[in-house]
Amino acid sequence: MAGCVARRALAVGSRWWSRSLATARGSRPLCAVGEAGALPPVASATTRRHLSSRNRAEGKVLETVGVFEVPKQNGKYETGQLFLHSVFGYRGVVLFPWQARLYDRDVASAAPEKTENPAGHGSKEVKGKTHTYYQVLIDARDCPHISQRSQTEAVTFLANHDDSRALYAIPGLDYVSHEDILPYTSTDQVPIQHELFERFLLYDQTKAPPFVARETLRAWQEKNHPWLELSDVHRETTENIRVTVIPFYMGMREPVLSKEQPAFQYSSHVSLQASSGHMWGTFRFERPDGSHFDVRIPPFSLESNKDEKTPPSGLHW
């Protein structure tokens with residue numbers, strides 16, 4: 001995702017994060033995990049198409065993963081559906097679907113009247129349409145091979161556990177658009193290696209797909225629904241490079257300074273177009289009586305390493 005930066009937008013008492021995806025239009029190969037080229041399907045004697053995946057451990061090159069199914073043009077995939085990601089090539093399993101509002105700036109609105117323009121950017125006005133995304137688990141064996149192409153190592157959210165509003169990061173959790181799902185079947189009872197796979201899903205050979213949600217998955221979804229659910233998805237293409245952004249509301253987190261906890265520390269980052277810059281601002285505080293006051297942040301400079309030939313994509317403070 002060179003050249004694309006996922007930015008966090010901070011608001012008083014709340015937190016947001018966004019995930020950005022950049023893809024070259026017209027190139028959606030089925031990739032062997034860990035390889036840059038496309039992996040052609042292997043035809044067996046029964047003409048079924050087999051999936052293969054890269055595994056470099058101990059000289060292994062290819063291993064059979066499963067058998068392709070016909071992708072669904074209509075309807076949704078069920079919990080437990082195994083799939084290969086059509087862009088990043090990793091193996092995964094569907095946990096549950098989300099219905100999001102997709103604002104695609106590549107699709108011109110046919111309506112002449114004013115339409116929704118939530119971003120307020122540029123002259124294009126777009127209508128949001130309902131689109132299906134899926135909460136999925138990524139196979140841990142594939143994560144090292146896609147780390148250079150996809151920052152899908154974790155989803156961070158602000159959960160409410162016993163009134164402790166702490167940030168939680170779940171490795172190998174991702175959101176996938178319906179059209180990026182390449183479904184397949186497998187005879188393996190544990191086809192995805194992820195610490196949550198057997199905690200969330202139960203093998204049942206009488207079902208199709210043969211993995212059903214455990215009560216732990218339903219309870220987890222219900223408890224964390226406000227922090228995990230998608231709301232809006234935004235897409236736009238420039239010079240055949242399409243960028244998809246998914247913002248998330250992470251919930252309330254207003255730290256309280258008290259005698260027991262007199263300090264609070266956090267870090268953030270910003271992307272600059274130049275090799276140096278300056279920042280300043282204020283923090284807004286709330287007194288016990290509900291009144292507010294602003295605390296000034298001292299102006300400071302951001303300087304890149306002078307020995308570097310190219311400026312960094314992000315500077316931290």
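In the predicted model, one aromatic cluster is formed by Phe96, Trp98, Phe200 and Trp220. A search of the whole structure returns eight aromatic pairs. One of them joins Phe83 and Tyr90 in an edge-to-face arrangement, with 6.2 Å from centre to centre and 65° between the planes. Phe83 and Tyr90 are both buried. A further pair consists of Phe197 and Phe211, whose ring centres lie 5.5 Å apart and whose planes meet at 70°, so this pair is also edge-to-face. The pair connects distant parts of the chain, as Phe197 belongs to helix α2 (residues 197-200) and Phe211 to strand β14 (residues 211-213), 14 residues apart. Phe197 counts as buried because its relative accessibility is 2%, under the cut-off of 20%. Phe211 likewise has a relative accessibility of 2% and is therefore classed as buried.

The backbone shows some particular features in the loops. Ala208 and Pro209 are joined by a cis peptide bond, with omega at about 0°. Pro209 lies in the loop between β13 (201-203) and β14. Two residues of the loop between β15 (232-238) and β16 are Glu239 and Asn240. Glu239 has a phi near 50°, which is a positive value in a residue other than glycine. For Asn240, also a residue other than glycine, phi is positive and near 65°. Glu239 counts as exposed because its relative accessibility is 73%, and Asn240 is placed in that class because its value is 55%; the class requires over 50%.

Leu257 is located in the loop between β16 (241-252) and β17 (269-270). With a relative accessibility of 45%, Leu257 is therefore counted as partly exposed.

For the chain as a whole, three helices and 20 strands are found. The protein chain has 317 residues, of which 37% count as buried. Among contacts in the chain with a separation of 6 or more, 59% are between residues 24 or more positions apart.

Conventions: Residues numbered from 1 in each chain as written. Predicted model: local features only at pLDDT ≥ 70, side-chain atom pairs only at ≥ 80, totals over all residues. Heavy atoms only, no water. Helix = DSSP H or I, 4+ residues; strand = E, 2+ residues; numbered from the N terminus. Buried < 20%, exposed > 50% of the residue type's maximum accessible area, 1.4 Å probe, protein only. Contact = heavy atoms within 4.5 Å. Phe/Tyr/Trp six-rings, centres within 6.5 Å; stacked < 30°, edge-to-face > 60°.
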